[in-house]
Amino acid sequence: KEIKKVKKQIKKAKDIEKVNEYFDGRDHLEIIQEICENLLGNHGDTISKCQKMLDEIYINIFDYVDEEYDNLYDNKKDLMKRCRTRGFFPKLEAKSQGLKDLLETFFSNRN
C-alpha cells in the first residue's frame, strides 16, 4: 500500500513538471491563443477575446498538456469530477508566469 502511494506521488510530481515545462518561457496571450486554437480551431487577438471564447469550455490542465482534447466539459461541475480522477494542478507549483496567469484566469473568472 505504501509503495502504491509513493508511485502515485512520483507520477503527480512528473505530471506537474511536464506542465511547467510546457508553459515555461511563454506569455499569457501566447498560451491562451494556443489553447483557443487547439480546442476551438481559431483564436482572438487579445487575452479578453480568447477568455470570452473559452467561457463555456473546461479542460483539465494535465489532459491539455497530454493533448487529450476529447476530455472537454461545458461546465465546471463535470471538470471537477475529472480533476478528482486525473488530478488538480497546485497553483503554488506553477513556475512560469504564463501558467500562473492561466490558472489565475481559470480560478478568478469561473463560478
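This is a predicted model: local features need pLDDT of at least 70, side-chain atom pairs count only at pLDDT 80 or more; totals for chains, interfaces and linings use all residues.
Which residues line the second largest pocket?

The lining of the second largest pocket consists of Lys 4, Lys 5, Lys 8, Gln 9, Lys 11, Lys 12, Asp 15, Cys 83, Arg 84, Thr 85, Arg 86 and Gly 87. The space in this pocket amounts to about 250 Å³.

Helix 1 (2-23) and helix 5 each contribute at least two residues to the lining. The greatest contribution comes from helix 1, with 7 residues. Sorted by class, the lining of the second largest pocket holds 8 charged, 3 polar and 1 nonpolar residues.

## Salt bridges between parts of the chain

Side chains of opposite charge can pair when their charged atoms come close. In this model the count of salt bridges comes to 12.

One of them joins the side chains of Arg 86 and Asp 63, with an N to O distance of 3.1 Å. Arg 86 belongs to helix 5 (residues 76-86) and Asp 63 to helix 4, so this pair ties together parts that lie 23 residues apart in sequence. Arg 86 and Asp 63 are both buried.

A further salt bridge is formed by the side chains of Arg 82 and Glu 68, at 3.7 Å from N to O. This pair also links distant parts of the chain, since Arg 82 sits in helix 5 and Glu 68 in the loop between helix 4 and strand 2, 14 residues apart. Glu 68 counts as partly exposed, at 28% relative accessibility.

Asp 78 and Lys 81 form a salt bridge in which the closest N and O atoms are 4.0 Å apart. Both residues lie in helix 5, separated by 3 residues, or about one turn of the helix. Asp 78 is partly exposed, with a relative accessible area of 27%, and Lys 81 is partly exposed as well, with a value of 46%.

Salt bridges with shared partners join Lys 11, Asp 15, Lys 18, Asp 63, Asp 66, Glu 68, Arg 82 and Arg 86 into one network.

## Backbone at Glu 67

Glu 67 has a positive phi of about 60 degrees, although this residue is not a glycine. Its position is the loop between helix 4 (61-65) and strand 2 (72-73). Glu 67 is exposed, with a relative accessible area of 55%.

Key. Residues are numbered from 1 along each chain as its sequence is written. Side-chain values use heavy atoms; hydrogens and water are left out. Helices (H or I, at least four residues) and strands (E, at least two) are DSSP runs, numbered from the N terminus. Buried means under 20% relative accessible area, exposed over 50%, partly exposed in between (1.4 Å probe, protein chains only). On a 1 Å grid over the protein atoms alone, a cavity is a set of points where a 1.4 Å probe fits but cannot get out, and a pocket is an open set with protein on both sides within 12 Å along at least five of seven lines; lining residues have an atom within 4 Å of a point. Grid points are joined across faces, edges and corners, and a volume is the space filled by probe spheres set on the points. Ala, Val, Leu, Ile, Met, Phe, Trp, Tyr, Cys and Pro count as nonpolar, Asp, Glu, Lys and Arg as charged, and the others, Gly among them, as polar.
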